[in-house]
Amino acid sequence: MSGRDQKKSGVNIELYMQSGIIESYALGLATSEEVVEFEQLLPHFPELKDALQEFEYHLELFSIDNEIPPPPEVRLQMEDRLRTLPAIPDRLRRGSRSHRTEYVQAKETSGHIRVHRIWRTLFIAVFVLAKIFLILAIYYFLEYRHAERQLHPVAAPAVKQN
Amino acid sequence: MPANLSLFIARGGEILAILEKTIAKDILKSELYPGGRPAAELLYARYSGMLYSYILQFVPDRKEAGALLVDIFSRLTTQLQDAFDSPLSIYCWLQVESRKIILENIQNKGVGDVAAGAGLVKGPKAPALYFSLLEDAPPEHQWVFRELFIYGRTKEELAIQSGKDLGYVSRILRECLGVIRKNLG
């Protein structure tokens, strides 16, 4: 597929990748013409996409290793700023003139659902409590049967006497 | 065997820690309400530290960098549909867009401030981040990368200033990017 695409587009993809275009694109150093060209070639060359993803992955790991937490007041400033942000009008959003909703139209690609992490703790707590109640229920049931057996021999003669 | 097991567990912990720090687009999409608090909070929780150190490369003053971070988050959280449309990862998109805002901010302040910023960036206490990847590169390479990346100048401008041809500047940049890739990997 790549060979055919290379012939069709006239691009030697190996040379193209060696030109530093991937790094330029990911770091925002590419010119607008280079960006257009790169984005046109990207769907046709899986190796280009793989190389981009690999570079992004390493860049993100490096950034995680070197992150500096911002001062706490920055978060408060940002929360204040976000409170003052106006709602996004539909007409300003690309391709959403006909939609009245303010949510992004996103296609679901995964069969999994994700929930807030607090549900993990709640689920564990509910599970443990359920087990405790089950054990208690069995225990009290056995206690009840034991007590009933102890009462039964006493109750039987009383019936006979009557 | 127990040593291998503990190493495996430690490595697994590291990977989980990394996964906790990164957001795939589908996760963000599922939690997104553009411009609203959930998306902004999610992005801030994950990327504020990374972007703050990124901004410090351009603006070493921490107070100013903090104000820029606020500005960047409040602007970019309303444009997240563009992030989904982009072939870039969320983090790379954030940093590319952040750089545009930072350069715009620096240019609005005027040339004098840019020059002052240059002095600070070159100072010994200035955070290096990407420049730490170019420590082994010759000074000329570091200069070209700094001018293009930090000051947003064009290759044409650098070629004229240095009296070299455009191909020469492009070659230097290509070598810089090669060094960065090598040191990242």
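Here are a few notes on chain B and on how two of its helices, H4(B) and H6(B), pack.

1. Ground rules first. This is a predicted model, where local features need pLDDT of at least 70 and side-chain atom pairs count only at pLDDT 80 or more, while totals for chains, interfaces and linings use all residues. Residues are numbered from 1 along each chain as its sequence is written, and chains are lettered from A and ligands numbered from 1 in the order in which they are written.

2. Chain B has 10 helices and 0 strands (DSSP runs numbered from the N terminus: H or I, at least four residues, for helices; E, at least two, for strands). Of its 185 residues, 32% are buried (20 or more other C-beta atoms, placed from the backbone, within 10 Å of the residue's own).

3. H4(B) covers residues 62-76 and H6(B) residues 90-109; the two pack at about 125°, with axes 10 Å apart (axes are lines fitted to C-alpha atoms over the stretch in contact, and angles run from 0 to 180 degrees between N-to-C directions).

4. Who touches whom? H4(B) brings B:Leu68, B:Asp71, B:Ile72, B:Arg75 and B:Leu76, and H6(B) brings B:Leu94, B:Glu97, B:Ser98, B:Ile101, B:Ile102 and B:Asn105 (contact: C-beta atoms, placed from the backbone, within 7 Å).

5. Buried residues of H4(B) include B:Leu68, B:Ile72 and B:Leu76, and these three also sit in the contact with H6(B).

Conventions
Two residues are in contact if their C-beta atoms, placed from the backbone, lie within 7 Å. A residue is buried if 20 or more other C-beta atoms lie within 10 Å of its own, exposed if 12 or fewer, and partly exposed in between; C-beta atoms are placed from the backbone.
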